[in-house]
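Here are a few friendly notes to read with the model open beside you. Take the points one by one, and find each residue as you go.

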Amino acid sequence: MEKTRKWRWGTKRWIVLGFIILSVIGVNLIKPVQPHIQVAPETITETLFTLPVIGDFKITNTMVAMLLGDIVIIIIAFLVKRGVNKDTLAPKGIAGAFEMLVDSLYNMTESTAGKYAKKVFPWFATIMIIVLFANLIKLLPGFETIGFLHHAEHGYQVQALDGNWYTVINEKAEGEGYIVTPFARALSTDLNFTAALALIAVLMTQVIGVQAQGFRYFGKFLNFSTMFKKPLLGFMDFIVGLLETISELAKVLSFAFRLFGNMFAGMVLMALVGVMVPIFVPSMIMMFELFIGVIQAFVFGLLTMVFMAQATQGHGAEEEHA
């Protein structure tokens with residue numbers, strides 16, 4: 001007779017169940033403070049100086065995240081440089097890992113852009129690495145949780161810890177309370193950063209297109225070549241050119257809001273889950289945020305590379321004539 005296997009709880013299942021029970025108990029015993037969510041980045045300094053066109057210049061918490069990300073990238077660059085030894089053929093340590101990454105990215109660019117890979121690859125790799133570190137550095141402890149206390153109408157009470165350090169407790173203040181303005185916030189949740197990166201990517205796409213095709217490149221936006229020979233087809237080509245222009249402008253919005261929307265939604269999700277189930281579930285959401293951060297960086301860079309590669313190719317009759 002065939003024996004039926006009985007389903008048994010494993011050790012890992014009991015651990016997961018224990019964390020869920022602790023989460024339920026933790027929410028009822030120690031109620032988390034509902035975080036303050038703001039779309040625009042928060043300023044953490046007063047006006048440092050005033051510029052003629054821009055106006056008052058203040059340091060925001062996304063600028064702090066940008067500086068931290070730049071420092072991390074520079075440190076890794078120095079480590080990679082130290083790991084590259086001229087006496088050995090194979091780099092060691094972190095240099096070997098980055099050599100494998102750069103080689104994979106370059107092969108991908110070469111298979112798409114062909115002979116223009118050397119022009120496209122620096123933009124593709126640089127944008128992807130910057131967005132990657134901007135997305136991942138937010139997972140460091142203290143991001144979006146440690147900062148200055150600011151007065152607010154619907155704020156919370158605070159409890160002294162030591163010196164000038166305080167913690168916010170889950171008790172609404174009768175009058176003016178406090179909210180936390182974090183020292184650092186994820187750079188990709190700042191629309192200024194994503195829009196600037198999108199403008200750079202789209203602008204350099206046009207530059208590479210002109211370098212590859214010359215001024216014929218603008219023919220896909222303003223196509224009058226067949227207007228007088230074949231009026232009907234010429235008019236259709238003119239309409240297609242207008243659609244191409246709108247499409248290029250729409251890429252800026254698409255680039256900027258795709259990255260901003262995904263990363264800001266992740267920040268809000270982390271805040272809400274941390275309030276509702278503060279012990280076990282946030283660790284799973286952080287793993288999901290790690291995955292999303294890597295995917296978004298790769299997608300942003302890959303789309304930049306594909307658009308630049310397409311800009312080097314001819315269109316329609318001009319391609320056949322070439």
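1. Start with a charge and a ring. Lys-251 lies over the face of Phe-307, at 4.0 Å from the ring centre. A charge counts as sitting over a ring if NZ of Lys or CZ of Arg is within 6 Å of the ring centre and within 35 degrees of the ring normal.

2. A word on what you are looking at: this is a predicted model, where local features need pLDDT of at least 70 and side-chain atom pairs count only at pLDDT 80 or more, while totals for chains, interfaces and linings use all residues. Residues are numbered from 1 along each chain as its sequence is written, and side-chain values use heavy atoms, leaving out hydrogens and water.

3. Now to ring pairs. How many aromatic pairs does the structure hold? There are nine. Rings of Phe, Tyr and Trp (its six-membered ring) pair if their centres lie within 6.5 Å; planes under 30 degrees apart count as stacked, over 60 as edge-to-face and the rest as tilted. The rings of Phe-148 and Phe-183 have centres 4.8 Å apart and planes at 90°, so this pair is edge-to-face. It links distant parts of the chain, with Phe-148 in strand β3 (residues 147-152) and Phe-183 in the loop between β6 (177-182) and α5, 35 residues apart. Helices (H or I, at least four residues) and strands (E, at least two) are DSSP runs, numbered from the N terminus.

4. Another pair to find is Tyr-217 with Phe-218: their ring centres are 5.7 Å apart and their planes at 70°, so they too are edge-to-face. Is Tyr-217 buried or exposed? At 1% relative accessibility, Tyr-217 counts as buried, whereas Phe-218, at 38%, counts as partly exposed. Buried means under 20% relative accessible area, exposed over 50%, and partly exposed in between (1.4 Å probe, protein chains only). Ring pairs link Phe-215, Tyr-217, Phe-218 and Phe-221 into a cluster.

5. Next, look at helix α5 (residues 191-213). Its 23 residues reach 33 Å from first C-alpha to last, close to the 33 Å expected at 1.5 Å a residue; the expected span is 1.5 Å times one less than the number of residues. Buried residues in α5 include Phe-193, Leu-197, Val-202 and Ile-208. After α5 comes Gly-214, whose phi is positive, near 75°.

6. Finish with helix α6 (residues 231-276), where Leu-232 lies. At 67% relative accessibility, Leu-232 counts as exposed.
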